[in-house]
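Here is a model to read by its cut-offs. Each answer sets a value against a definition.

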Amino acid sequence: MSEALDAVDAKILDLIQHDAGLSVAEIAERVGLSSSPCWRRIKRLEDAGVIQRRVTILDRDRLGLSFEVYCTVKLSLPTRENLDAFETAIIKMPEVVQCATVTGAADYELRIVTRDMHAFDAFLRDKILSLGLVSNIESRIVIRSVKNTTAAPLGLVSPYVSAQA
């Protein structure tokens, strides 16, 4: 969006990113609009790509998916073809919940979620290493998650939303 967020747009985004299950009527009431203009604003924000999608966040522990690992991955030969091949493969791996290209000695940082250490070992052997593209992996097992949010810090781009967590 080229124009700055006005107060109503910022409040709508803040509400939606914290609870995507709110109805348009509930959002409209909280931002002081009727449903139709509120819906039009939400639709405009979706069309502009500001709202990419709405999701439900699941409790991974209750689902038996409490093993989380951050892996730094270095490719043997980081050519464009190998980078593309690695990324294409990673996109298809449900255990990888985040993948980013990074600066420094490594090529990628992965966030992996699975059942346990044995499932993680199988994932590394059967999926990552079997690609034949990786020269080094450094893994860090998450002991305890201190903060885990999907919320964008809207307070940094709009004075109408608190910058506090």
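Q: Why are α2 and α3 called roughly perpendicular to each other?
A: Their axes cross at roughly 100 degrees. Angles of 65 to 115 degrees count as roughly perpendicular, under 35 as roughly parallel, over 145 as roughly antiparallel and the rest as oblique. Therefore α2 and α3 are roughly perpendicular. The axes of α2 (residues 24-31) and α3 come within 9 Å. Axes here are lines fitted to C-alpha atoms over the stretch in contact, with angles from 0 to 180 degrees between N-to-C directions.

Q: Which residues make the contact of α2 with α3?
A: V24, A25, I27 and A28 of α2 and S35, C38, W39 and I42 of α3. Contact means heavy atoms within 4.5 Å. By class, there are 7 nonpolar, 1 polar and no charged residues.

Q: How do you know whether L58 is buried or exposed?
A: L58 has a relative accessible area of 58%. Buried means under 20%, exposed over 50%, partly exposed in between (1.4 Å probe, protein chains only). So L58 is exposed. L58 is found in the loop between α3 (35-47) and β1.

Q: What makes up the largest nonpolar core?
A: It has 19 residues, including V73, F86 and F123. Its largest share, 5 residues, comes from β1. Such a core is a set of buried Ala, Val, Leu, Ile, Met, Phe, Trp, Tyr and Cys residues joined through side-chain atoms within 4.5 Å.

Q: What kind of model is this?
A: This is a predicted model: local features need pLDDT of at least 70, side-chain atom pairs count only at pLDDT 80 or more, and totals for chains, interfaces and linings use all residues. Residues are numbered from 1 along each chain as its sequence is written, and side-chain values use heavy atoms, leaving out hydrogens and water.

Key. Helix = DSSP H or I, 4+ residues; strand = E, 2+ residues; numbered from the N terminus. Nonpolar A, V, L, I, M, F, W, Y, C, P; charged D, E, K, R; others polar.
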